[in-house]
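Here is a short briefing for a first look at this model. Keep the view open while you read, and find each residue as it comes up.

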Amino acid sequence: FARDHVKGIAEYDYSVIFADVTYNVTDDLELNGAFDYILSRKIDGKDIPKEVLDLLEDALGFKFEDLSYKVGAAYTLDALKFEGWYAAFVGYEFGGKTTYTLADGVDASLKVTSGKEHKDLKDSTLAYTVMIAAAL
């Protein structure tokens, strides 16, 4: 997300507006989304000139994006929860996650994602994550 991207960049001052929304279609089905937009990038209180941004983009090999978003859905069936999403910023990601509640406070999950760090890259990355989490 744009909000996460700008957090660690101390040289610039960013203005970001964002919204997270969830709509419960039924008790078991929800639709969700998150939307971020970078309003401005500044150095010492002044907008970064377009020429400087163009030079940075050329050096980094990708275009800066102002909009990021993630849209998805989740469905719960007893102790099993299915989630799916598409997210985009500089790159993109398709993902899905299944979580099973083994006991109160103990969950097992499988997450699979596929995407590109930058949309202009030739190859995408496929990742699998298996996790068991327990809350104390």
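Gly 84 is partly exposed, at 29% relative accessibility. The residue belongs to strand E5. The model is a predicted one, and the points below go through it topic by topic.

**Around Gly 84**
- Gly 84 and Gly 72 are twelve residues apart in sequence. In space, their C-alpha atoms are 5.4 Å apart.

**Asp 78 and its backbone**
- Asp 78 sits in the loop between E4 and strand E5, the latter spanning 80-88.
- Its relative accessible area is 76%, so Asp 78 is exposed.
- The phi angle of Asp 78 is near 55 degrees. That is a positive value in a residue other than glycine.
- Most residues other than glycine have a negative phi.

**Aromatic pairs**
- How many aromatic pairs does a search of the whole structure find? The search finds four.
- One of the pairs joins Tyr 86 and Tyr 92; their ring centres are 6.3 Å apart and their planes lie at 25 degrees, so this pair is stacked.
- Tyr 86 also pairs with Phe 94. This pair is tilted, with 4.8 Å from centre to centre and 55 degrees between the planes.
- Ring pairs link a cluster of Tyr 69, Tyr 86, Tyr 92 and Phe 94.
- Tyr 86 is partly exposed at 23% relative accessibility. Tyr 92 is partly exposed at 25%. Phe 94 is partly exposed too, at 46%.

**More on Tyr 92**
- Tyr 92 is part of strand E6.
- Leaving out residues up to four places away in sequence, Tyr 92 touches Tyr 86, Ala 87, Ser 114, Gly 115, Lys 116 and Lys 119.
- Tyr 92 and His 5 are 87 residues apart in sequence. From C-alpha to C-alpha, they are 14 Å apart in space.

**Thr 99 in strand E6**
- Strand E6 covers residues 92-103, and Thr 99 is found there.
- Is Thr 99 buried or exposed? At 13% relative accessibility, Thr 99 counts as buried; the cut-off for buried is under 20%.

**A charge over a ring**
- Which ring does the charged end of Lys 70 sit over? The ring belongs to Trp 85. The charged end of Lys 70 is 4.8 Å from the centre of that ring.

**Salt bridges**
- Two salt bridges turn up in a search of the whole structure.
- Arg 41 forms one with Asp 66. The closest N and O atoms of Arg 41 and Asp 66 are 2.9 Å apart.
- Arg 41 lies in strand E2, while Asp 66 lies in the loop between helix H2 (50-60) and strand E4 (67-77), so the pair ties together parts that are 25 residues apart in sequence.
- Arg 41 counts as buried, at 13% relative accessibility. Asp 66 counts as partly exposed, at 28%.
- Lys 50 and Asp 54 also meet in a salt bridge, at 3.1 Å from N to O.
- Both Lys 50 and Asp 54 lie in helix H2. They are four residues apart, about one turn of the helix.
- Lys 50 is exposed, at 56% relative accessibility. Asp 54 is partly exposed, at 28%.

**A nonpolar surface patch**
- Which residues make the nonpolar surface patch of about 390 Å²? They are Ile 17, Tyr 37, Leu 39 and Leu 67.
- Leu 39 lies in strand E2, which spans residues 29-43.
- At 55% relative accessibility, Leu 39 counts as exposed; the cut-off for exposed is over 50%.

Key:
Residues numbered from 1 in each chain as written. Predicted model: local features only at pLDDT ≥ 70, side-chain atom pairs only at ≥ 80, totals over all residues. Heavy atoms only, no water. Helix = DSSP H or I, 4+ residues; strand = E, 2+ residues; numbered from the N terminus. Buried < 20%, exposed > 50% of the residue type's maximum accessible area, 1.4 Å probe, protein only. Phe/Tyr/Trp six-rings, centres within 6.5 Å; stacked < 30°, edge-to-face > 60°. Lys NZ or Arg CZ within 6 Å of the ring centre and 35° of its normal. Patch = residues over 30% accessible without salt bridge, like charges linked within 9 Å, V, L, I, M, F, W, Y side chains within 5 Å. Areas by Shrake-Rupley, 256 points an atom, 1.4 Å probe, with all protein chains shown as cover. Salt bridge = Lys/Arg side-chain N within 4 Å of Asp/Glu carboxyl O. Contact = heavy atoms within 4.5 Å.
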